[in-house]
Amino acid sequence: MQKPIRRTAVIGAGVMGSGIAAHFANAGLEVLLLDIVPPNLSDAEKKDKNKRNGVSAGGLEKAIKARPAAFFHKDNARLVTVGNTEDDLDKLKDCDLVIEAIIEKMEAKQALLEKLEKIVPEHCIVASNTSGLRISEMTKGRSATLKKNFVVLHFFNPVRYMKLLEIVAGPETDKAVLAHVVKFAEDTLGKGVVFGNDTPNFVGNRIGAHAMMATIHQMLADGLSPEDVDAITGSPMAHPKSASFRTADLVGLDTFGHVADNCYDSLTNDEDRDVFKVPAYVRTMVERKLLGNKTKGGFYKKTPDKQILTFDPTTLEYRPKGGDEAIKAVTKGIAKIEDPKERVKKLVADQGKAGDFARKVLYRSLAYSARRIGEIADSVQAVDDAMRWGYNWELGPFETWDALGFAETASAIEKAGFALPDSVKKMVASGATGFYKDGPNGRSEYSLVKGEYVAQKQDPRYRTLAQVRQGDKPVLKNDGAEAWDLGDGVLGLTFKSKANSIDPDNIMMLHQAAERAERDFRALVIANEGDHFCVGANLLLVVMNAAQGQFEPIKEMVKNYQYATQRLKYARVPVVAAPYGMTLGGGLELCFGADAVQAAAETYAGLVEVGVGLIPGGAGTLNMLWRALEGIPEGANVNTYEYVTQVFKNIALVKVATSAEEAKGLGYFRRTDGVSFDRARQVTEAKARAIGMAESGYHPPTPRAYRLPGESGIATLGMMVDTLVAGGYASEHDAKIARKLATVLCGGVGGATREVTEDEMLELEREAFVSLCGEPKSQERMQYMLMNNKPLRN
């Protein structure tokens, strides 16, 4: 029985080390972060513990200030203690896991492991974050105990956001230790595990570096520009929008060059080794410190006047951003296709420059990936997972191959002059139709090692809505939403509107789903699909009615949504919302209506209506304030003004939480709400939470009423707003919105004279919302948002 991992240590406080430490803390683990004592300290400074911990303390401080944030919440940093490798190695005797993320030099890692084996307890797992050094060399001369407890844990940067964790076991790694590490990685850290073999750069970076370098070389051969390549290799190729060169700028050209150099130096027997040669112009960029975003200039650079410049590989100078217009036109149209499989098919079928370039780089990459099976990993799924989780590709290489048509693409690859391994030729001869296939017993993948289809290994908790749904048709359906039987007595509601926005159809479905759940089910789960849970209300209907002076339809829609969220709140069965990604405005109001939330860790929530000239209109003011007040013991003589003020600031200043944990801190979610570290498990976990509530004596809450600040609170908040206007921090129209918001949150002028009911709060909210819809500047802001997808300040 393996001891649970509670106390951890990270040695090396650079970008990776501090990122690993931050994510360990996000998972609730105690972390000791160590690095060297800074060189060149004075004699007095050498006696100062804070000075001696300067490197690790600096790494932690950078992690706290990092953007995007490394910590889910700044308070998580309290779990990290800093130290140094001269004074504090002895503290490792209490650790369950120690991971090194020091300089990528064999001698340094060997020396550190020699020290560690004398200190760490017998059960302690010792890991390396190396990106490609051999385990056999790192552990040479070490004890049998260290070798059986040793693994490579290769995280991807930024650690919090990248799902991929490559795990590589050594020849003497204990199987029980490996299983323990995998469970820890998946359950505690929320990572997607890919097993790699002990080869240079493992899986993700081997395939990713090859694809990137092949693209760079082909650009020069075809005479294209970086802009042309990025237009082709981004969304049209089912890769991130940052494509090739913008991704290199994000990663850093020095880091990218290091990975490529490591491949070239180490892969002496690789048949495509020359592709890893870094071009001379990239070397020049590194020498000039044109490293990308971290030096304010790489392949692209933004000037002080916001102009984008491109580094020209032929002149070695920056020029105005341009690109081939024909390539732009083709790729822009392809990028609009929603299905990534259809996108890449359309791109490869193009007979112009875009399609020609895409075929050359894709076919080379697909063939190379196939030839690596059995060397870097033993399954096509491992490679596909690595590229989706570590490089944010929408489709891995073998998924891309299947999308293009397996047999015809195999033939096209050979005609293009790229060698296929015998395993793929055997697969073609067998009549196989693709690397993946679905059958009555689940999904199978073709094993290029075994030469046959094998059942695909998948965590049973990885269930999409489509996999959970029962039957072949929904229980309820309209144009904006569907409600499906999710099994085990749970009804699942899913929006079908664009960006899962709130519209009259899904508002109607909320009422109907609550009623049906009460009648035929024991719980209701609201789980959407797509990039974001819900981006708020569909403003088009509001804008159209407001422009025509038709305010009654607006008022009716607002009232319907207010009472839809209230209907959920007081349903006779438990309601669980499963937010993720953007959960804004009406999306957050929907979560307020749920009894519980099972949020993805990466959930970005807030009431943002002020940005478009309005206030929340779906019971958001009521329910955010009521949540803030719900912890006050009955009978306590508490001045609610302080609570009202904080809620006012959160709404008026459009505070958007950057994680589910931060949303808890802001009062958007309850402290008891669940967080899914791995979004692939969110539907399963939301359903489990709903069943648990249903089976533990669920009863709906009782409506509440509170005495609020009333007229004096409105006046005090008004003075705060006046100060902002006087200082130039807010416009007069901002002030008008804020005063209406203050009136609602203070319970109206008479809010202090009696307890204000929920219905009274809803009426105040409704009247304020509709009155703002009649304001020309609010209408202007809404129209601007519709046209530009960003707020207008006026």
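Start at Ser 235. Leaving aside neighbours within four places in sequence, Ser 235 is in contact with Pro 240, Lys 241, Ala 335, Arg 343 and Glu 394; contact means heavy atoms within 4.5 Å. Ser 235 sits in the loop between helix 9 (226-233) and helix 10 (245-251). Helices (H or I, at least four residues) and strands (E, at least two) are DSSP runs, numbered from the N terminus. Ser 235 counts as buried because its relative accessibility is 15%. The cut-offs are under 20% relative accessible area for buried, over 50% for exposed, and partly exposed in between (1.4 Å probe, protein chains only).

A word on conventions. This is a predicted model, in which local features need pLDDT of at least 70 and side-chain atom pairs count only at pLDDT 80 or more, while totals for chains, interfaces and linings use all residues. Residues are numbered from 1 along each chain as its sequence is written, and side-chain values use heavy atoms, with hydrogens and water left out.

Stay in the loop between helix 9 and helix 10, where Ala 238 is also placed. Ala 238 has a positive phi of about 65 degrees, although it is not a glycine. Its relative accessibility is 0%, so Ala 238 counts as buried. Leu 316 is another residue with positive phi, near 60 degrees, and it too is not a glycine. Leu 316 lies in the loop between strand 10 (308-312) and strand 11 (317-320). At 24% relative accessibility, Leu 316 counts as partly exposed.

Most residues other than glycine have a negative phi, and most peptide bonds are trans. Now look at two cis bonds. The bond from Arg 67 to Pro 68 is cis, with omega near 5 degrees. Pro 68 belongs to the loop between helix 3 (54-65) and strand 3 (80-84). Asn 157 and Pro 158 are also joined by a cis peptide bond, with omega about -5 degrees. Pro 158 is in the loop between strand 6 (150-155) and strand 7 (164-169).

Next, the cores. A nonpolar core is a set of buried Ala, Val, Leu, Ile, Met, Phe, Trp, Tyr and Cys residues joined through side-chain atoms within 4.5 Å. The largest has 91 residues; Leu 493, Leu 510, Leu 588, Leu 625, Phe 669 and Leu 708 touch the most other members. A second, separate core of 80 residues includes Met 213, Ala 238, Ala 382 and Tyr 462.

Glu 342 lies in helix 14 (residues 340-349) and is partly exposed, at 38% relative accessible area. Glu 342 and Ala 403 are 61 residues apart in sequence, yet 7.6 Å apart in space, C-alpha to C-alpha. Lys 140 is in the loop between helix 5 (135-138) and helix 6 (144-148). Lys 140 counts as exposed, at 57% relative accessibility.

Finally, step back to the whole chain. It comes to 32 helices and 23 strands. Of its 794 residues, 55% count as buried. Residues 24 or more positions apart account for 69% of the contacts with a separation of 6 or more. The C-alpha atoms fill a box of roughly 80 × 70 × 60 Å, taken along the principal axes.
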